[in-house]
Amino acid sequence: MRWADDVVGVLDALGARTAVLVGHSMGAWQVEAATRRHPDRVRALVLFDGSVAPAEPNSAPSRATSATGPSRGPRLASLLVSAVSATVGWGRTGPLLRRLADRGLPRAPWRAGHRARCAVTYAHESVWRTMLLEDSAYRRLGAELATLRTTHPLPAVPVTVVAALPGWWPASWSRWGAQQGRQAAALARTAMGPVGFHVIRPGRHHVMLQHPRQVAALVEATWRA
């Protein structure tokens, strides 16, 4: 669980005794794990469109799980990054891949600045190496969190689970919305503090780009709960 303890290491480096931990996507796993392992360091927890961990610990990994585990998965990711670096390079490939991933984002005043930042950030091999190595360990990290949930309860701090949905239909009609709702309910069953569930619409996975004010307001509301 070093990946969770690193969060507290950042607090130590900043000289912060406690903090409101906010996680997005796979980052939600990290801040939840940090909250469970270091409850005295967390004032509140906010999970934005967080990845969904398995309901039960992975006591007997399948072949598919083992194939993307700590050995083969990262090795394949590293080979892929090295192959692109040795051929087409990341200078143009990286920003292009990022733009393709952003096609679902709405046109807005912040979009030009976002594309400019992406053109610089995603042109570096190190960024893609880090991303792919993290994604290659997805199942293993999810299984680690599922196990941690059975041994370390959430402390008595306010928790908010936020789902970003593109349409106006009920969250239960969306597979992603239903998953987020079930995850919030599962956390509420064992948490010592209040657990809230909110939906931001219309929203995509990178909801903090589309609705920064709503994101900030939910963080503040959780901290004051």
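**A close look**

Modeller: Happy to! Let's start with Gln183, which counts as buried because its relative accessibility is 9%; buried means under 20% relative accessible area, exposed means over 50%, and partly exposed lies in between, using a 1.4 Å probe and protein chains only. Please keep in mind that this is a predicted model, in which local features need pLDDT of at least 70 and side-chain atom pairs count only at pLDDT 80 or more, while totals for chains, interfaces and linings use all residues. Residues are numbered from 1 along each chain as its sequence is written, and side-chain values use heavy atoms, with hydrogens and water left out.

You will find Gln183 in helix α9. Helices (H or I, at least four residues) and strands (E, at least two) are DSSP runs, numbered from the N terminus. Setting aside residues up to four places away in sequence, Gln183 touches Gly50, Ser51, Val52, Ala53 and Arg149, where contact means heavy atoms within 4.5 Å.

Now look at Asp49, in the loop between β2 and α3 (63-67). Asp49 is buried, with a relative accessible area of 2%. Its backbone has a positive phi of about 50°, although Asp49 is not a glycine. Ser25 also has a positive phi, near 60°, and is a residue other than glycine; Ser25 belongs to the loop between β1 and α2. Another backbone detail is the cis peptide bond from Arg201 to Pro202, with omega near -20°. Pro202 lies in the loop between β4 (195-200) and α10 (207-210).

Next comes the nonpolar interior. A nonpolar core is a set of buried Ala, Val, Leu, Ile, Met, Phe, Trp, Tyr and Cys residues joined through side-chain atoms within 4.5 Å. The largest one here has 27 residues, and Leu21, Trp29, Leu45 and Leu47 have the most contacts inside it. At least two residues of this core come from each of α1 (2-14), β1 (19-24), α2 (27-37), β2 (42-48), α8 (138-151), β3 (159-164) and α9 (175-190). Helix α2 gives the largest share, five residues. A second, separate core of eight residues includes Phe48, Val162, Ile200 and Val207. Beyond its neighbours within four places in sequence, Leu47 is in contact with Gly23, Ala28, Val31, Glu32, Thr160, Val161, Val162 and Leu187.

Arg43 is in strand β2 and is partly exposed, with a relative accessible area of 42%. Neighbours within four places aside, Arg43 is in contact with Thr18, Ala19, Val20, Val157, Pro158 and Trp223. Arg43 and Trp168 are 125 residues apart in sequence and 32 Å apart in space, C-alpha to C-alpha.

Finally, step back to the entire chain, with its eleven helices and four strands. Its radius of gyration is 18 Å, close to the 17 Å from the globule rule for 225 residues, so the chain is as compact as a globular protein of that length. The radius is taken over C-alpha atoms, and the rule is 2.2 Å times the number of residues to the power 0.38. The C-alpha atoms fill a box of roughly 55 × 45 × 45 Å along the principal axes. Buried residues make up 39% of the 225 residues. Among contacts with a separation of 6 or more, 75% join residues 24 or more positions apart.
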